[in-house]
Amino acid sequence: MIPETPSRAGLNPASEAELGALIAERFAARQPLRLAGGGTRVETGHLPGDTLSTAAISGVVTYEPGEMTLIARAGTPLDQIEAMLAAEGQALAFEPADMRGVLGCNGTPTIGGVVAANASGPRRLLAGACRDHLLGLRFVDGQGRVLKNGGRVMKNVTGLDLGKLFCGAHGTLGVLTEVALKTLPHLPDRCTLGLHGVTVEEAVAIFSAALATPFEVSGAAFRDGTAWLRVEGLGPQMDYRRDRLLALLAPRETELLDAEATLALWRGLRDLAHFAGLDAPLWRVLVKPTDAPATVRALQALGGEASLDWGGGLVWYCGPGSAQAVRQVAPHATLVRRGGLTGPAFPPEAPAVARLSAGLRQRFDPAGILNPGLMDQ
Amino acid sequence: MSGIAMPQPDAGIIARAPQIVAALREVLPADAVIWDPEETRAYECDALTAYRCPPLAVVLPRTTEEVAAAMRICHEMRVPVVPRGAGTSLAGGALPTADSVIIATLRLREVLEIDTANRFIRVQTGVTNLSVSAELEPQGFFYAPDPSSQLACTIAGNIAMNSGGAHCLKYGVTTNNLMGATVVLPTGEVVELGGPEMGPTGLDLMGLLCGSEGQLGIVTEATLRILPRPEGARPVLIGFDGAEVAGECVARIIRSGVLPVAIEYMDDVCLRAVEAFAHAGYPDCAAVLIVEVEGSPAEIDHQIARIREIAGALNPVEFRESRNADEAMAIWKGRKSAFGAMGRLGDYICLDGTVPVGQLPYTLKMIGELSRQHGLEVANVFHAGDGNMHPLILFNANKPGDLERAEAFGNDILRLCVDVGGCLTGEHGVGIEKRDLMGKQYDDPDLEIQMAVKDVFDPRWLLNPAKVFPLDASRPWREEAATR
């Protein structure tokens, strides 16, 4: 087990300027910081330094439903944003998960944390990841400089797209202070088709067939012998898509879930309710969907349980097995819940890629004070 | 020539041309290195034809290894490299300098793998955009980004510029459809980024590379996301007697929950030119929207009924629904011929600013005022759903000073776009065209961090010189790089 680090300060700057001054000080003193929005996305307990939260840099700057754009400060609670969008019939189409259950923490998920983690749920399959919806950002780099990139419009190819780098960088390049995101209409009608008693091979074959249709399947997940397909739409669109998919799957027996049951089911799948409250390590594994069955079998042989999302492209594995053993069967494996395991959470990069990543970190954070050791190895 | 400065070519490099060409010929097939001035002249410009300069030499490799070998030579001999796809850049993104070697991906034309079960295609990046979809058609799939130049432009250029098109309102642009890339770095080193898996697990270097305008590396192979073809698509044409109400219609459609695949806008100047040229039968009014929806016939009917209801409340001059393929084609005919039609009125420069959709009416009004101030006519045709405007400024290329006036007018429009919350370029790129306006959108430190990123990939600053970053701002970086 990792020893509990002795008491550390909790830093909560109230503004971007205050944050900039604070980081400039830490840069000068070469003192590391552990970054957190609400502290609900990634485990940083083993990292050195005081904890810095952006929770106080909060509030929606603008929301224009007719333009499908939202600008919010990084510390804005995610549920506040989701409620505001829902009132206009819109949503964050990439469906960010709530990881509190699986990580066993009780902070407040923030929009900055969502972007820093590139958090993308089941609808990523159809709608793309968080990074595909990020239009612009403001951040403080590792020297305390306040910088911006992108903007608030749907299409923007002005200069280098640093937003892509920040999505999934977990704060190691800079601390987000403001993000501009694209919103999309929240399709009002939805249902779920469930196919019970299928093997993982059958599930992936069903997903590949369903995802080759033009019926815009917006969720394709598997666990405990059941393959689930979600269909959404506007008015008669959803009925039509459901009926065509049922015809495609016939003569298999298919359970049909209504809108309410669909919401509950996919929330559970998204938040990994089935792996919540456990102590075992939890791994997030990216594979080519048709490689999922072999990967699942090899992981299960280590003694744990696996479920699939993204039509088989995402394998969640919860169970024993050393990092070395897991990565041997699943090279693109990230350790989401440590469960007692030590060592790097992120998979090793090819040497040339690692050199580029290190070079970028060095330019954004020359003193190496932002979540040091989290992604760099 | 007009107002956009290019740095002085390095006479030392030009003097070493025979040695450079000999070194390239040593590692590449005989027909892959072009040095004859008659032949290199074909590469003297891209689609921004006002600026021309033949390169020192042109390299046409057929494989990643050949691209890497050419890059290695140029790096060792400190020769600038201008990456080039099909040369359709409208921003001068592939404009050579006299001391640079062009490395073009034109001959990298293999389709390497089609995998419909995992929904991707892997290609060499010299394939054209349209041919990717053509390859996929028998399997019922397509590749979504559809730049207007898709018949000619290559995937390499699409990735370099992060190209979009009329249908990206629903399907996104290149970056949203790119899964993996084989990249040759300026040193000649080859790296693999991404792949058929959904999403990277470290820093998203591929996302950074997409749209970097050849500043970081040359992409030789790409894994592209493919999508099942929709069952059908149908456009409607809506005419309005004012720009404001047309803009309001766009916003109301988007708010309604109907997400069209395309919303295109043409103003009256454009409409008159199109009518005279293509006889598309468009109404005589201030603004026309073409809205396309897709799905099954019943789904299309339902969405069009919603759009009819929304538009009806705004008193359109005309609401024309296509009932069959011929009528659909007639609606698209004028829009698709708009750029050709405008060419008949005279020379024009095509701009590419983006504004928040809510600012469209104000921006159009201000463009009209600027048109009067500069004494040059302008037409507007653009992707209204995402606010990506394409004002076409008419001028006479044979009249001394007219191009400079048109460019000054264009710069004023782009500044206006930034002032209303938009950006300098939505899909054409910065290139040389908007390079010196970058300071309007970004403060110095914002540009510094972008140049620091380039520095990591291209420490000698040899790739695509004098593009994207203002010459003044990049000078210290280039001078420092020369010492490495």
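How exposed is A:E216, and what is its relative accessible area? A:E216 is partly exposed, at 21%, where buried is under 20% relative accessible area, exposed over 50% and partly exposed in between (1.4 Å probe, protein chains only). Some friendly notes on this predicted model follow.

1. Conventions. This is a predicted model, in which local features need pLDDT of at least 70 and side-chain atom pairs count only at pLDDT 80 or more, while totals for chains, interfaces and linings use all residues. Residues are numbered from 1 along each chain as its sequence is written, chains are lettered from A and ligands numbered from 1 in the order in which they are written, and side-chain values use heavy atoms, with hydrogens and water left out.

2. The A:E216 bridge. A:E216 pairs with B:K170 in a salt bridge, with 2.5 Å between the closest N and O atoms; the term means a side-chain nitrogen of Lys or Arg within 4 Å of a carboxyl oxygen of Asp or Glu. B:K170 lies in helix α7 of chain B and A:E216 in the loop between α7 (200-211) and β12 (217-223) of chain A, so the pair joins two chains. Helices (H or I, at least four residues) and strands (E, at least two) are DSSP runs, numbered from the N terminus. B:K170 is also partly exposed, at 25%. Shared partners tie A:E216, A:R241, B:K170, B:E294 and B:E299 into one salt-bridge network.

3. The interface. Contact (heavy atoms within 4.5 Å) involves 90 residues of chain B and 74 residues of chain A. The two chains bury about 6600 Å² between them, 60% of it on carbon and sulfur atoms; this is the accessible area (1.4 Å probe) lost on being put together, summed over both. B:M198, B:T201 and B:L203 supply 13% of the area that chain B buries against chain A, more than any other three residues. The rule finds 10 salt bridges across this interface, including B:D446 with A:K148 at 2.7 Å, N to O.

4. The core. The largest nonpolar core has 80 residues, with A:L360, A:F364 and B:F457 making the most contacts inside it. Such a core is a set of buried Ala, Val, Leu, Ile, Met, Phe, Trp, Tyr and Cys residues joined through side-chain atoms within 4.5 Å. Among the residues that A:L360 touches are B:L203, B:V453 and B:F457.

5. A buried bridge within chain A. A:R230 and A:E95 form a salt bridge at 2.9 Å, and both residues are buried.

Key:
Lists of a residue's contacts leave out its neighbours within four places in sequence.
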